[in-house]
Amino acid sequence: SSPSLSVTGTAAPIFVKLKNPPTESVTPPLAGKIIIPGDQGERANQARASQIVLAPPFGIGRRDVDEGDRVNYVWDSNLMSWVKRMLALPPLRNSVTLANAMRLITTNANPHSVVVDTTNNKIYVSCAGANNVQVISGSTLAVSATVVAGVAPAQMAWDSVNAKVFVSNSGGGTVTVIDTATDTPVATITVGTTPSDILINTGNNKAYVRNAGSNSVTIINTVTNAVIATVTVGAGPDRMGLNTGNNKVYVPNFGTGGVGTTVSVISGTTDAVIATVTVGTGPTRAAANANNNKVYICNYNSDTVSIIDSTTDTVSATVSVGDGPVDAGIHTGTNRAYITHVLSSSVIVLHGTTDAITATLGIPGGLREIQVNSTDNQAYVLAIFGPESVAIIDTSTDTLVANLAMPEAPRFI
């Protein structure tokens with residue numbers, strides 16, 4: 001049987017690879033879609049398209065996909081029907097998506113990351129190669145504005161309370177603040193060297209900017225856009241985690257060459273480091289669960305996950321996992337943690353109470369990012385190489401339900 005398919009707008013054709021032609025189409029809301037930016041920086045020697053891929057939260061089951069078949073059904077926006085065609089895949093896979101109902105949206109050079117403003121139904125795309133942020137309408141899927149940013153805009157964060165998007169400019173040591181009502185820059189804030197990911201705590205109106213090049217975290221007042229403090233952490237700070245329950249920020253210190261073994265804990269009240277926790281080697285990601293006050297640290301070089309009790313800031317358990325754990329996603333309904341591995345091509349599921357491994361899912365490719373939708377009981381796993389894809393996990397059963405091929409090297413999800 002044919003899966004449900006999304007047909008939204010008439011700008012670009014939708015390419016689908018199915019054994020049989022689709023028989024139905026639906027238009028789910030924007031909130032039901034995942035967004036994956038393509039990347040040009042991963043392969044500097046190859047010319048790659050600058051595109052954003054939008055996919056609905058359902059996928060073609062593996063039994064519906066015929067990998068040896070070159071027959072594709074293309075949505076013709078003029079005929080308003082599906083047209084059968086033979087398709088020769090381009091060498092770089094940068095123009096066609098062999099998945100169900102994906103839409104490619106052309107952006108400026110080197111789209112780096114994406115945030116969604118669900119209040120105004122907008123998508124913000126940082127274009128590192130063009131030094132700007134493009135705004136896409138969630139209704140038309142067309143670019144509605146281009147906002148000038150700093151040098152090499154990278155990570156972004158949406159502040160739902162103050163209606164702003166904060167953009168870290170990795171090449172200029174600044175953060176651009178965008179007013180989401182007008183889509184104009186309202187402030188440029190000087191931070192540390194090579195600013196990267198940003199965390200927003202709407203409970204205390206603070207933004208936390210990780211400065212990868214200066215071993216620090218800049219704390220910004222999200223109401224006034226002023227810097228509150230710059231906090232020194234360990235060497236090579238990596239992707240942070242925020243516990244909104246107790247207003248603590250956890251910064252894994254990867255270290256020079258990945259030899260770091262600590263996590264810096266920043267108080268949301270005092271804006272200072274209140275604890276330094278010893279974990280495994282090469283901590284690269286922190287993910288906090290405010291429900292059970294646990295923080296999961298992916299230790300890339302020791303192939304373990306350290307679980308920190310966020311009440312006492314001590315390690316309560318260390319779990320041996322696969323090769324090269326790099327990311328963790330939390331299901332807030334079940335309190336399970338999902339750990340991705342870039343080297344062992346697997347996702348490990350940890351029980352929220354016992355910390356035991358309850359499932360291991362093999363997924364092809366070098367797995368990197370994971371996003372868990374606790375409402376829809378789905379997790380999206382990004383494979384950045386061999387093959388480049390997005391796998392969809394049904395978190396109610398912890399089984400793989402789809403694996404969607406990406407048209408070019410994806411970066412974040």
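**A serine in a loop**

Ser-310 is buried, with a relative accessible area of 0%, where buried means under 20% relative accessible area, exposed over 50% and partly exposed in between, for a 1.4 Å probe and protein chains only. The model is a predicted one, in which local features need pLDDT of at least 70 and side-chain atom pairs count only at pLDDT 80 or more, while totals for chains, interfaces and linings use all residues. Residues are numbered from 1 along each chain as its sequence is written, and side-chain values use heavy atoms, with hydrogens and water left out.

Ser-310 lies in the loop that runs between β25 (304-309) and β26 (314-320); strands here are DSSP runs (E, at least two residues), numbered from the N terminus, and helices are runs of H or I of at least four residues. Once its neighbours within four places in sequence are set aside, Ser-310 is in contact with Asn-243, Asn-246, Lys-248, Tyr-250, Asn-293 and Val-295, contact meaning heavy atoms within 4.5 Å. Of these, Lys-248 is 62 residues away along the chain, yet its C-alpha atom and that of Ser-310 are separated by 8.2 Å. With Tyr-250, the side chain of Ser-310 makes a polar contact of 2.6 Å, a term for a pair of N or O atoms within 3.5 Å in which, within protein, one must be able to donate a hydrogen and the other to accept it, and for which residues adjacent in sequence count only if both atoms are side-chain atoms.

Elsewhere in the chain, β7, β8, β9 and β10 form an open antiparallel sheet in that order, where two strands pair if DSSP finds at least two bridges between them. Because β7 (111-117) and β10 (143-148) stand at the edges with a single partner strand each, one side of each is left without a neighbour in the sheet. Strand β9 (residues 132-137) is joined to β10 over five bridges in the antiparallel sense, and Gln-134 has Thr-146 of β10 as its bridge partner.

Five bridges also link β17 (residues 216-221) and β18 (residues 227-232), again antiparallel, with Thr-218 bridged to Thr-230 in β18. This hairpin has five residues between its strands, and Asn-225 takes a positive phi near 65° there.

For the protein chain as a whole, there are zero helices and 34 strands, and buried residues make up 57% of its 413 residues. Among contacts between residues at least 6 apart in sequence, 45% join residues at least 24 apart.
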